[in-house]
Amino acid sequence: MNPRPSPLRDRQRRKTAGEIQHATLNLVRQYGLEHVTTEMIAEEAGVSPRTFFNYFPNKAAAMVGPPINLHEAALAEFSAARGPLTRDFGRLLLMQFRDNADRKATIRAVDEVIGLHPELEPEFLRSLSAVTTQLARALDERLAGRDCPTALLVEVLTRAMAHAFREWANDDAMTPEAAAARTVGRLDMVGRALAAQ
């Protein structure tokens, strides 16, 4: 069994992954996706091509960035909470916004590049698989013994989170609190629409 990476090593890995992602985004915005190679990205990021492939399998994955991990304490709270699901999800979402406040420009750049290259959308959706897995575990604990289509609910919440992050990243004036509250309100509206006669 491999020992868990030290916090310092983990921070260094995140820093290097971020540098590779920024280099990829800068080059793709400058030259277009089809003209950018992994060798160009490695040179721009100041790493070897081998290091690039230690972090990402291809330039599309590098553009989207490393997998997203949900805030551990907020996820545990969400799993154990017994209040309205959308309200508890809103608290989890708020912690994600706060954790990613310094990445707002990067998230906006990813969204911009996907807008220019829609063929990258599947890669973006694949990058959400870690979020889906983490939410699924939390919901399995939270809803244990209850008759609920957990898989469908996880997909809805994952997509709601992705949509919220894109909207927040593209609005300089939107605070984490406002973004989380808007998403909770929209999920509540969806629930009411589904329950309407």
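Helices are DSSP runs of H or I with at least four residues, numbered from the N terminus. The model shown in these views is predicted, so that local features need pLDDT of at least 70 and side-chain atom pairs count only at pLDDT 80 or more, while totals for chains, interfaces and linings use all residues. Residues are numbered from 1 along each chain as its sequence is written, and side-chain values use heavy atoms, with hydrogens and water left out.

View A. Apart from neighbours within four places in sequence, Thr132 is in contact (heavy atoms within 4.5 Å) with Val154, Glu155 and Thr158.

**View B. The tilted pair of Phe97 and Trp168.** Rings of Phe, Tyr and Trp (its six-membered ring) pair if their centres lie within 6.5 Å, and planes under 30 degrees apart count as stacked, over 60 as edge-to-face and the rest as tilted. The ring centres of Phe97 and Trp168 are 5.0 Å apart with their planes at 50 degrees, so this pair is tilted. Phe97 in helix α6 (residues 85-99) and Trp168 in helix α10 (residues 150-169) are 71 residues apart, and their pair links distant parts of the chain.

**View C. Arg13 over the ring of Tyr55.** The charged end of Arg13 lies 4.3 Å from the ring centre of Tyr55, a charge being over a ring if NZ of Lys or CZ of Arg is within 6 Å of the ring centre and within 35 degrees of the ring normal.

Technical notes. Helix = DSSP H or I, 4+ residues; strand = E, 2+ residues; numbered from the N terminus.
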